[in-house]
Amino acid sequence: MIKLESMNNNYLIYYMQTVGIILVVLGHSFYQNMFNPLVHWIYSFHMPLFFFISGYLLQYTARGPLHRLNLWGCDGFIWKKAYRLLFPYVIISTLFFIPKICVNQLAARPVDASCQGYANMLLLPYSNVIGSFWFLPTLFGIFMVAMAVIRLSHILLKEKEIHPLVVIAALLAINMFIPINKLSVLNLSGIAHFMLYFATGFYFCRYQAEKIIEKQAWWIAPLTLVLSFLCFLPEANKSMLAFNGILMTTCFGMLYEQYRLRFLHHLYGATYTIYLLSFIPQFAVNQLLLHFVELPWQITSLLAFVLGIYIPYYIHRAMHRYCENPLMKLLTFITGQQSFQTKTKA
């Protein structure tokens, strides 16, 4: 979920972002049939995939050593991540807090219409009025922890780095022993849990692991696809399933590029806007429409999926095309994205 221009030509990451957001929207489309096998399969790896991509991009987009990265000020790392992640989280959640109260009787998760309910919505990300928004403060927290560890390790180890295997092993141990739902304030448990995938993506990029598996993608992709169906076994390890899904997506992305396929290209660069705004058409279809019209779940799921992808997609295109329009400028600001004006003129 990063701007197209800032990643040069890393089309593998474009592909992974796009497939990831398609899985997110698809997983949220089955309001009437939430416990079907497809949703279970998607949820076995789709969010770890996004944290893996975020870790990859932290290394990929870094200009120079990360321990020298400017953290403070309007051009600093912290402000940029806060504007990108926390600003939309607070603003969009606040804008939809009262409207969702007004349709509480239709909502799958009714809102507590009080000051305490509003505070809980922001401080307890899994209680947010927009269910998928827990990702934003969680990723921000992971970025802060990552930069703190990078800075401290550089100071304490005097130019040396902690070995990647030590980092991954430590995070795997944390992942196994910290209950995911115990530290809900600011989703601290989620930060501890998903750091594992973030760090894996970071090292995957640093050591250019894609070059190792690129020529083997033709057989790793179908193998990992078959292994992904182990998610239906109750004793299957969740972390291993997540890593398998990440590897599967990576290898299929490599095959997508090797065979010069283009059917997903139109969505490249729009994934963040789709993530932030897909809940609007999906809520309209899954809950408002169903209140007035009784439709088969297959129809509502298809509508929720298509509209959840393409209404935000065309809004994203409008933000580019009509970047001088005050409404588009406001929407760009609210969604935590930089102005498209300079890029359009260029």
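This is a predicted model: local features need pLDDT of at least 70, side-chain atom pairs count only at pLDDT 80 or more; totals for chains, interfaces and linings use all residues.
**Stop 1: S153**

Select residues 135–157, which form helix 7, and pick out S153 within that helix. Is S153 buried or exposed? Its relative accessible area is 14%, so S153 counts as buried, the cut-off being under 20%. Apart from neighbours within four places in sequence, S153 is in contact with K158, K160 and I162.

**Stop 2: helix 9**

Move on to residues 188–206, the 19 residues of helix 9. From first C-alpha to last, helix 9 reaches 26 Å, close to the 27 Å expected at 1.5 Å a residue. Where is helix 9 kinked? Centre the view on F194: the kink there is about 35°. Then step just past the end of helix 9 to Q208, which has a positive phi of about 50°.

**Stop 3: helices 14 and 15**

Select residues 279–292 for helix 14 and residues 297–321 for helix 15. The two pack at an angle of about 150°, and their axes lie 7 Å apart. The crossing of helix 14 with helix 15 is right-handed.

Which residues meet here? On the helix 14 side, display P281, Q282, V285, N286, L289 and L290. Facing them from helix 15 are T300, L303, A304, F305, L307, G308, I311 and P312. Coloured by class, this contact shows 10 nonpolar residues, four polar ones and no charged ones.

Note on methods: Residues are numbered from 1 along each chain as its sequence is written. Side-chain values use heavy atoms; hydrogens and water are left out. Helices (H or I, at least four residues) and strands (E, at least two) are DSSP runs, numbered from the N terminus. Buried means under 20% relative accessible area, exposed over 50%, partly exposed in between (1.4 Å probe, protein chains only). Contact means heavy atoms within 4.5 Å. The expected span of a helix is 1.5 Å times one less than its number of residues. The bend at a residue is the angle between axes fitted to the seven residues ending there and the seven starting there. Axes are lines fitted to C-alpha atoms, for helices over the stretch in contact, and angles run from 0 to 180 degrees between N-to-C directions. A crossing is left-handed if the near helix is turned anticlockwise from the far one by less than a right angle, and right-handed if clockwise. Ala, Val, Leu, Ile, Met, Phe, Trp, Tyr, Cys and Pro count as nonpolar, Asp, Glu, Lys and Arg as charged, and the others, Gly among them, as polar.
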